[in-house]
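I had the structure open and kept a running notebook of what I looked up. Here are my entries, in the order I made them.

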Amino acid sequence: MAHAVRQSDVDLVAAYPITPQTVIVERIAEFAANGKFRGEFVPVESEHSAMSACIGGALTGARVFTATASQGLALMHEMLYAASGLRLPIVMAVANRALNSPLNIHGDHSDIMGSRDSGWILLFAENVEEAYDRVIQAFRIAEAVNLPVAVNLDGFTLTHSAEVVRMLPDDAVESFVGRPPRRPTLLDDPPKSFGLMSLPDTYQFFKEDQQRAMEGAPPAIRAVEEAYREISGREYGPVKRFLSDDADIVMVMLGSYAGTARVAAAQLRSEGIRAGVVSLGWYRPFPADELLRAVEGADSIVVMDRSVSYGASAHPLASDVMTALYKAGLRKRVLSVVYGLGGRWFTEEDAKRLFRHAAEPGPDFESFFYYGGD
Amino acid sequence: MSAGSAEPKGGERAQVRSLLEIDRRERLAPGHRACAGCGPMIAVRQILQAYPEDPIVVNATGCVEVVTSVYPETSWLVPWVHVAFENSAAVASGVEAAMRALRRRGEIERERPVVVFAGDGGTFDIGIQALSGALERGHRMLYVCYDNEAYMNTGIQRSSATPYGAWTTTSPYGSIWPGKREAKKDIVAIVAAHGVPYAATASISHWKDLMTKVRKALSYDGPTFLHVYAPCNRGWRFDPSLTVEVAKRAVETRFFPLYEVENGRYRITLPVTKPRPLEDFLSIQGRFRHLLLPQYREALEELKRMVDERWERLNRLASARRAE
Amino acid sequence: MSDGAGVGRRPTLAFPINPGGWYEGGSSVEYHTNDWRLERPVVNLDRCVGCLYCWIYCPEPAIVPLDREGRGPSKVKVDYDHCKGCGICAQVCPTKAIDMVPEEVGARWRPSRGSTPASAGHSSRGTTPWLTL
């Protein structure tokens, strides 16, 4: 990801270390120390200041980037709303990690789920190469719709693994991202004021505009993905389907455990269970149409949540999925599963167990925490 | 008026001699909603007028920000940004670093000066982390703390800048409390401890000293700090016409000494050899008047002792450096 | 996005809603804070020596140097559209050239103009209906 940042002609990186994001920032610092990263590297004194400095930099017209996880994301939570409200094209990598308390430094999605209403475009990467691709795309997406973009990758699983990444050549990325388009900045003349207070007579208008921008983003995101495919041969889209076209049971999830689920689904076919997997590339804006098309043939949907929404009708991803079904007038059996919290393991055997359970008759809606085999 | 950037360090070139030589083009438009007689707004005006070129203003949440920016009305005739309460120094760091990056790639010719306006609450308390970080990293900016000695915009609550014995809504005087029970934090000492090139106190009553200090600060390529005394007639309880007089008496009673710390060297810029009695300063403000009553005599003595002690300490620091 | 068949209709404002909430600087000048004051400063130009103390101590600014461009002494005038009547100028003037005079009952001021919300109606009505001296 550090390479993606280096190649994408970023002007300012302001970041604070937190496990498991540290490697990203350390690499960027190394590049800077050796003249390979031509932007400014500002080692701020907290994540809140990281996002604040990014906001300041973006308002000056610079291309900015930061990275964080868990507690750091929670600390900058206030600033996430500011970044989106100010309509700034900030790109951030989030190494998804569990939130205190108790302290846990391993992966789950609770950090980003706590911020899902902040007005950020949320992309999820399943493997390291996808994370690299998504960061590069994120700059173009953010600058096209003027909303900040977070690229989510599983903490430790993706941040501390060794995988093959087919990086693109420097000049290909540089010409792909180009320079940010002109927008109002602090360097404009006549001078502008940014971040005014907005009273009840105006505030709601701004918020609706943010919603319109978010809802209108899909075509712009698709355009960037398609352009990226031209230079890389790789495309992920809002929804990644695996054996879902003829599946009876589809597992819907985010993040790297989708790979595990796919192996399980393929293996189950030989048992006569028609299992499929849908992994979301976008979480916000939520790709309801594409998701519905992917699951329309299925009878059961197993929605995997790596976070909890205490006391809610349904956990984050399940809530979005079920609402999409309801809006389309579809009724399907839904199993809402909470798993993988705090880095808890999830193997192919676990995925198969869940598919098999879904293959048995059962209630229309079930929700439980899944721990795995002994 | 002196030319723009790249001035030699402080000294003669920075000295403002006459009000008449200052540029009269306003950088602040009227029509803002500050209370009549607002001290902080006077501070903002004086500082902006001292700048040789238009700065970019980063403003923390607080009185100044709220009264000058109610969408779609803004009083700022220079580029201005407000993000939140505690992060003005961090936002300014981002602005400053971004300009440097853009200049390096040739997209802009030169960086513009950055000035931060934050209140005592947004500096001494909630903003101190971001301030410390920006100072340590050495960003080129002038951070101005306009000190009205409480959280005024939210209704006069105490901050760590509120003086000992002062009434505020969260440090009222009563049968047990004399007003605020804690001493005022020494922000300039904290800033100076970061090893910055220039930090100073200033008062709106002494515009010449204030503007000279602004110019001196601008001559340094690094973080500089101004702690400006800016009385609030609502929170301190005095007639709006007396704002400047109250600030003047604060200086004349040694309650708010005017000094600077230039590369670690302390210098009192306005010596007060014959201080007025502290009562002259306290008696014209409702927030302190209770200290003149017999039951608070101990607190009054304590406050006087603090003022004397601090003056002596400043003198020691100022002469210590001179001896080297 | 639908608007609920008109129920969710977005009202039209007299000014733009800029994405991100920025605005061109200086627009507050259209908001007249003149009806805040109970007394107004009157400058005696004979006594005024043009030192500009009133100008540097005015919080608004509502003191305007007559010589806007030059250097050197300049007498002043008051911007009565914005003066809030705080009285600092009178207090600091070294030659006592400014008097604070009570606003008259029924005095008329110029109301806010332009397209900002203040001028669209909520304040600076231009009269003193509440003063019953």
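This is a predicted model: local features need pLDDT of at least 70, side-chain atom pairs count only at pLDDT 80 or more; totals for chains, interfaces and linings use all residues.

**Where chain A meets chain C**

I started with one residue pair: A:Lys192 has C:Glu24 as its bridge partner, and that partner sits in E1(C).

E7(A) pairs with strand E1 of chain C, residues 23-24, and the two run antiparallel, joined over two bridges.

How many residues of chain A are in contact with chain C? I got 21 residues of chain A, against eleven residues of chain C. On the chain A side, the elements giving two or more residues are strand E7 (192-194) and helix H9 (203-215).

On to chain B: E7(A) pairs in the parallel sense with strand E4(B), residues 80-82, over two bridges. I noted two residue pairs here. A:Ser193 has B:Trp80 as its bridge partner in E4(B), and A:Phe194 stands opposite B:Val81 in E4(B).

Which strands make up the open sheet, and in what order? I wrote down ten strands: E10(B)-E9(B)-E7(B)-E8(B)-E6(B)-E5(B)-E1(B)-E4(B)-E7(A)-E1(C), with mixed pairing. The edges are strand E10 (265-268) of chain B and E1 of chain C, each of which pairs on one side only.

I also found a helix packed on the sheet, namely H8 of chain B, residues 207-218. H8(B) touches E6 (141-147), E7 (198-203), E8 (223-229) and E9 (259-262) of chain B, and its direction makes about 160° with that of E7(B).

**Where chain A meets chain B**

I counted this contact too: 36 residues come from chain B and 36 residues from chain A. On the chain B side, strand E2 (69-70), E4, helix H4 (88-104) and helix H6 (128-137) each supply at least two residues. H4(B) gives the most to that side, with 13 residues. By class, the side of chain B that touches chain A has 23 nonpolar, nine polar and four charged residues.

**The core**

Which residues have the most contacts inside the largest nonpolar core? My list reads A:Ile55, A:Val135, A:Val149, B:Val144, B:Val228 and C:Cys54, in a core of 262 residues. H4(B) turned up again here, as it gives the most to this core, with ten residues. The core also draws at least three residues from each of domain 1 and domain 2 of chain A.

Leaving out residues up to four places away in sequence, A:Val135 touches A:Met1, A:Ala4, A:Val5, A:Val91, A:Ala93 and A:Val151.

**Helix H5 of chain A**

Which residues are buried in H5(A), residues 77-85? I noted A:Met79, A:Leu80, A:Ala82, A:Ala83, A:Ser84 and A:Gly85. What covers them includes helix H3 (47-59) and H9 of chain A. Just after H5(A), I spotted A:Arg87, which takes a positive phi of about 60°.

**The two domains of chain A**

Chain A is divided into domain 1 (2-232) and domain 2 (241-369). Their C-alpha centres lie 28 Å apart. For the contact, I got 25 residues from domain 1 of chain A and 20 residues from domain 2 of chain A.

On the domain 1 side, the elements giving two or more residues are helix H6 (110-113), strand E5 (121-124), H9 and helix H10 (217-232) of chain A. E5(A) gives the most to that side, with four residues. By class, that side of domain 1 has 13 nonpolar, seven polar and five charged residues.

**One last residue**

Is A:Glu290 buried or exposed? A:Glu290 counts as buried because 20 other C-beta atoms lie within 10 Å, and the cut-off for buried is 20 or more. I found A:Glu290 in helix H12 of chain A, residues 288-295.

Not counting residues up to four places away in sequence, A:Glu290 touches A:Pro238 and A:Val239. I also checked A:Glu290 against A:Arg241: they are 49 residues apart in sequence and 10.0 Å apart in space, C-alpha to C-alpha.

Methods
Residues are numbered from 1 along each chain as its sequence is written. Chains are lettered from A and ligands numbered from 1 in the order in which they are written. Two residues are in contact if their C-beta atoms, placed from the backbone, lie within 7 Å. Two strands pair if DSSP finds at least two bridges between them. A residue is buried if 20 or more other C-beta atoms lie within 10 Å of its own, exposed if 12 or fewer, and partly exposed in between; C-beta atoms are placed from the backbone. Axes are lines fitted to C-alpha atoms, for helices over the stretch in contact, and angles run from 0 to 180 degrees between N-to-C directions. Ala, Val, Leu, Ile, Met, Phe, Trp, Tyr, Cys and Pro count as nonpolar, Asp, Glu, Lys and Arg as charged, and the others, Gly among them, as polar. A nonpolar core is a set of buried Ala, Val, Leu, Ile, Met, Phe, Trp, Tyr and Cys residues joined through C-beta atoms within 7 Å. Domain bounds come from an automatic or database domain assignment.
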